[in-house]
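Here is a short briefing for a first look at this protein.

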Amino acid sequence: MTRDDIIKLAMRAGIAPLMTNKPVMYPSPDAIERFATLVAAREREACAKWFERRSDQPFYGRHVAAAIRERGGQ
């Protein structure tokens, strides 16, 4: 994940980027939780896609990818 990706996810979660010419505002606990959820979902999807592409056994790769994606619903 790139720095820009992280900033976009933070903004989606309601965490405004810190500006040097404005007062620093700390994100709410809810915004931090939303950000963590978005980051975790992004990483799970990246892992699932890796298994789908790289597995020597496509059947196994699809099952592992599905299990990884399923963890997002917990």
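Helices here are DSSP runs of H or I with at least four residues, and strands are runs of E with at least two. By that count, the protein has three helices and zero strands. The model is a predicted one.

**Overall layout**
- Along the sequence, the pattern reads α-α-α.
- The protein has 74 residues, and 18% of them count as buried.
- Take the contacts with a separation of 6 or more: 37% of them come from residues 24 or more positions apart.

**How helix pairs are described**
- Two packed helices are described by two values, the angle between their axes and the distance between those axes.

**Helices H1 and H2**
- H1 covers residues 3-12, and H2 covers residues 29-54.
- The two pack at an angle of about 135 degrees, and their axes lie 8 Å apart.
- That angle makes H1 oblique to H2.
- The crossing of H1 past H2 is right-handed.
- On the H1 side, the contact is made by Asp5, Ile6, Leu9, Ala10 and Arg12. H2 brings Phe35, Leu38, Val39 and Arg42.
- Sorted by class, this contact of H1 with H2 holds six nonpolar residues, three charged residues and no polar ones.

**Helices H2 and H3**
- H3 spans residues 58-70.
- H2 and H3 pack at an angle of about 175 degrees, with 8 Å between their axes.
- Angles over 145 degrees count as roughly antiparallel, so H2 and H3 are roughly antiparallel to each other.
- H2 makes this contact through Arg44, Glu45, Cys47, Ala48, Lys49, Phe51 and Glu52. From H3 come Tyr60, Gly61, Val64, Ala65, Ile68 and Arg69.
- By class, the contact of H2 with H3 has seven nonpolar, one polar and five charged residues.

**A closer look at leucine 38**
- Leucine 38 sits in helix H2.
- Is leucine 38 buried or exposed? Its relative accessible area is 18%. Buried means under 20%, so leucine 38 is buried.
- Which residues does leucine 38 touch, leaving aside those up to four places away in sequence? They are Leu9, Arg12 and Ala13.
- Leucine 38 and arginine 12 are 26 residues apart in sequence. In space, they are 8.6 Å apart, C-alpha to C-alpha.

Note on methods: Residues are numbered from 1 along each chain as its sequence is written. This is a predicted model: local features need pLDDT of at least 70, side-chain atom pairs count only at pLDDT 80 or more; totals for chains, interfaces and linings use all residues. Side-chain values use heavy atoms; hydrogens and water are left out. Axes are lines fitted to C-alpha atoms, for helices over the stretch in contact, and angles run from 0 to 180 degrees between N-to-C directions. Angles under 35 degrees count as roughly parallel, over 145 as roughly antiparallel, 65 to 115 as roughly perpendicular and the rest as oblique. A crossing is left-handed if the near helix is turned anticlockwise from the far one by less than a right angle, and right-handed if clockwise. Contact means heavy atoms within 4.5 Å. Ala, Val, Leu, Ile, Met, Phe, Trp, Tyr, Cys and Pro count as nonpolar, Asp, Glu, Lys and Arg as charged, and the others, Gly among them, as polar. Buried means under 20% relative accessible area, exposed over 50%, partly exposed in between (1.4 Å probe, protein chains only).
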